[in-house]
Amino acid sequence: TRVKSYESILKKIRKKDIPITMEAIEENIKDIAGVRVICSFQDDIYALEESFLKQDDIELIERKDYIKNPKPSGYRSLHLIVQVPIFLEVPIFLEHKKKMMKVEVQLRTIAMDFWASLEHKMRYKKDIPESQVKFLQEELYDCAEQSAKLDERMQGIRDVIGWNKNE
């Protein structure tokens with residue numbers, strides 16, 4: 001889990017030219033809080049999504065399936081922007097308030113997370129010579145493709161042996 005830092009929120013506000021009001025920030029920034037869930041198999045991602053969204057206090061705002069539709073970089077993950085209830089304590093009035101907050105939930109396999117974590121670290125390395133950028137993009141894309149094939153093979157093995165997901 002993570003909560004976006006104050007500096008990161010300000011950076012996003014400036015980048016998207018969002019008015020600095022609580023209402024505008026709550027409406028326009030959908031990932032102040034985030035949760036990443038790592039699953040063993042791709043099928044588990046969609047089963048977990050279905051189960052999660054069946055909860056009566058979870059409201060789906062936006063769904064981006066980068067597994068079935070990977071980003072041009074090769075990035076894969078299922079992103080759900082949801083509204084969830086949080087309970088705030090207001091100590092002055094000894095009051096508990098329920099407020100709906102937007103949270104980004106990312107669901108990935110182990111292989112997807114491995115690739116995304118390393119790609120993120122390498123992408124923000126500042127001293128890559130311009131002559132190497134295209135080569136590195138192609139290499140990272142190829143690694144993403146190999147990672148996706150590994151996920152498919154592992155899913156196939158699980159399907160063959162009939163491994164119960166709940167074991």
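I started by counting elements: the chain has five helices and five strands. For these I used DSSP runs, numbered from the N terminus (helices are H or I with at least four residues, strands are E with at least two). Reading from the N terminus, I got the order β-α-α-β-α-β-β-β-α-α.

A note on ground rules: this is a predicted model, so local features need pLDDT of at least 70 and side-chain atom pairs count only at pLDDT 80 or more, while totals for chains, interfaces and linings use all residues. Residues are numbered from 1 along each chain as its sequence is written, and side-chain values use heavy atoms, with hydrogens and water left out.

**Overall shape**

I looked up the C-alpha trace, and along its principal axes it spans about 55 × 50 × 25 Å. The chain's radius of gyration is 19 Å, whereas a compact globule of 167 residues would have one near 15 Å. (That radius is taken over C-alpha atoms, and the globule rule is 2.2 Å times the number of residues to the power 0.38.)

Next I checked burial: 34% of the 167 residues count as buried, meaning under 20% relative accessible area with a 1.4 Å probe, protein chains only.

**Largest pocket**

Then I went looking for gaps. Rolling a probe the size of a water molecule over the atoms shows where empty space is left. A pocket here is an open set of points on a 1 Å grid over the protein atoms alone, where a 1.4 Å probe fits, with protein on both sides within 12 Å along at least five of seven lines; lining residues have an atom within 4 Å of a point.

The largest pocket holds about 1,300 Å³, a volume being the space filled by probe spheres set on the points. I found 33 residues lining it, with Arg2, Lys12, Asp31, Glu104 and Gln106 nearest its centre. H4 gives the most to this lining, six residues.

How does the lining of the largest pocket split by class? I got seven nonpolar, nine polar and 17 charged residues. (Asp, Glu, Lys and Arg count as charged; Ala, Val, Leu, Ile, Met, Phe, Trp, Tyr, Cys and Pro as nonpolar; the others, Gly among them, as polar.)

**Second largest pocket**

This one has a volume of about 400 Å³. Its lining has 17 residues, and Glu119, Arg123, Leu136, Gln137 and Leu140 lie nearest the centre. The elements giving two or more residues to this lining are H4 and helix H5 (130-161), and H5 gives the most, with seven. By class I noted 11 nonpolar, two polar and four charged residues.

Technical notes: Buried < 20%, exposed > 50% of the residue type's maximum accessible area, 1.4 Å probe, protein only.
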